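These are my notes for a colleague who has not seen this model before. Please read them with the structure open.

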Amino acid sequence: MDLTDAGFEVDHADSAMNGLIKAREEQPTLILLDLGLPDFDGGDVVQRLRKNSSVPIIVLTARDTVDEKVRLLGLGADDYLIKPFHPDELLARVKVQLRQRTTESLTMGDLTLDPQKRLVTFKGDELRLSPKEFDILALLIRQPGRVYSRHEIGQDIWQGRLPEGSNVVDVHMANLRAKLRDLDGYGLLRTVRGVGYALRG
């Protein structure tokens, strides 16, 4: 329900076999895989999916051990969540995986972002960004003009792992603004006092 409310189209399979059939027939954009399946181990599902698909797989598991995490990632899972978890963290992890798989360049005026090369240019000049600054800009450029709250940015970029009251988002936004200003793009980043940040569309 949380994923549907966030705008995602969701389908459900109640067994590993049904899930594999749906994955083959419907070609989903992302798979959430619960390891507690009635017919066979979720790790086997990951292996079978990876034989002919690179679809992002987020595993949901109650097995909170290093060996289990290493095993799942080694089999081909892209991420995992330990149950119980907060819906906001799940949404953040989903968005991260989908964003990382985006390969088309994004353009807004003189600003261009290439997710595959992790390259940003403004008026033809390269904008050298840290990994987090790049991820923030990639988030903002997808919906120019939309104001993202600090909480939304923290959930999406840091997957909800920032401590309460942290100013990490503000620090990164200040650095991003300074780098845009150096290339005569200061006005691109808009701060809405008490709300958040946006790119001027």
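1. The model is predicted. Its largest nonpolar core holds 26 residues, and those touching the most other members are Leu-111, Leu-113, Ile-136, Leu-137, Ile-153 and Leu-199. Elements giving two or more residues to this core include strands S4, S5, S6 and S10. Helix H6 (131-141) provides the largest share, seven residues.

2. Phe-134 lies in helix H6. Is Phe-134 buried or exposed? Phe-134 is buried, because its relative accessible area is 5%, and buried means under 20%. Beyond its neighbours within four places in sequence, Phe-134 contacts Leu-113, Asp-114 and Pro-115, among others. The C-alpha atoms of Phe-134 and Ile-57 are separated by 23 Å.

3. The largest pocket contains about 870 Å³ of space. Its lining has 29 residues, and Asp-11, His-12, Leu-30, Ile-31 and Leu-32 are the closest to the centre. By class, 18 of the lining residues are nonpolar, six polar and five charged. Helix H2 (16-26) gives the most to this lining, with six residues.

4. The second largest pocket has about 430 Å³ of space. Of its 17 lining residues, the closest to its centre are Lys-95, Leu-139, Arg-146, Tyr-148 and Asp-156. The lining divides into seven nonpolar, three polar and seven charged residues.

Note on methods: Residues numbered from 1 in each chain as written. Predicted model: local features only at pLDDT ≥ 70, side-chain atom pairs only at ≥ 80, totals over all residues. Heavy atoms only, no water. Core = buried A, V, L, I, M, F, W, Y, C linked by side-chain atoms within 4.5 Å. Buried < 20%, exposed > 50% of the residue type's maximum accessible area, 1.4 Å probe, protein only. Helix = DSSP H or I, 4+ residues; strand = E, 2+ residues; numbered from the N terminus. Contact = heavy atoms within 4.5 Å. 1 Å grid on protein atoms, 1.4 Å probe; cavity = no way out; pocket = protein on both sides within 12 Å on 5 of 7 lines; lining within 4 Å. Points joined across faces, edges and corners; volume = space filled by probe spheres on them. Nonpolar A, V, L, I, M, F, W, Y, C, P; charged D, E, K, R; others polar.
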